[in-house]
Amino acid sequence: MWIPTDQEVNELILINSDISTPVRIEHYRKLAPIYLDYANEYCNQALTSDISNVKVFIAKAIQYYTQKAGLTARSMGTVSYSYATELPSSVLKPLKPFKKVRW
């Protein structure tokens, strides 16, 4: 499992134009390996975090779920929230050149 370095985490934070705080650094450090695994599964091949498109995907995926962008519905009476479980195509777009068809 990939463990991101401090420099890699700071690059991901800069891609999203976020402010680097200790809480945010730890948040990115924990989620980055999960989204790299997601990218590997989506593309049907082993990708590395050195590829710039993969870095952009990881940063945008973390941002998508962090900023309540996945929120699709909200109710006030008896409090109900609905979230999208799939990443939108705009977040997955950087991975398209690496996607391989599985036979």
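**View 1. The buried residues of α2 are Tyr28, Ala32, Pro33, Tyr35, Leu36, Ala39, Asn40, Tyr42 and Cys43.** Here, buried means under 20% relative accessible area, exposed means over 50% and partly exposed lies in between, using a 1.4 Å probe and protein chains only. Helices (DSSP H or I runs of at least four residues) and strands (E runs of at least two) are numbered from the N terminus. You're looking at a predicted model, where local features need pLDDT of at least 70 and side-chain atom pairs count only at pLDDT 80 or more, while totals for chains, interfaces and linings use all residues. Residues are numbered from 1 along each chain as its sequence is written, and side-chain values use heavy atoms, with hydrogens and water left out. So what do the buried residues of α2 pack against? Their partners are α1 (6–15), α3 and α4 (89–92), where contact means heavy atoms within 4.5 Å.

View 2. Even so, the 22 residues of α2 reach 32 Å from first C-alpha to last, close to the 32 Å expected at 1.5 Å a residue. That expected span is 1.5 Å times one less than the number of residues. Just past the helix, Asn44 takes a positive phi of about 60°.

**View 3. Helix α2 (residues 22–43) meets helix α3 (residues 52–66) at an angle of about 115°, with axes 9 Å apart.** Axes are lines fitted to C-alpha atoms, for helices over the stretch in contact, and angles run from 0 to 180 degrees between N-to-C directions. On the α2 side, the contact uses His27, Tyr28, Leu31, Ala32, Tyr35, Leu36, Tyr38 and Ala39. From α3 come Val54, Phe57, Ile58, Ala61, Ile62, Tyr65 and Thr66. Sort them by class and you get 13 nonpolar, two polar and no charged residues. Nonpolar covers Ala, Val, Leu, Ile, Met, Phe, Trp, Tyr, Cys and Pro, charged covers Asp, Glu, Lys and Arg, and the others, Gly among them, are polar.

**View 4. Now zoom in on α3, a helix of 15 residues.** From its first C-alpha to its last, α3 reaches 21 Å, close to the 21 Å expected. Which residues of α3 are buried? They are Val54, Phe57, Ile58, Ala59, Ala61, Ile62, Gln63 and Tyr64. Their cover includes α1, α2 and α4.

**View 5. Leu47 sits in the loop between α2 and α3.** Is Leu47 buried or exposed? It counts as buried because its relative accessibility is 8%. Leaving aside residues up to four places away in sequence, Leu47 touches Leu36, Ala39, Asn40, Val54, Leu95 and Phe98. Leu36 is eleven residues away along the chain, and its C-alpha lies 7.6 Å from that of Leu47.

**View 6. Asn10, over in helix α1, is our last stop.** With a relative accessible area of 32%, Asn10 is partly exposed. Skipping residues up to four places away in sequence, Asn10 touches Ser20 and Ile25. The C-alpha atoms of Asn10 and Ile25 are 7.4 Å apart, although 15 residues separate the pair along the chain.
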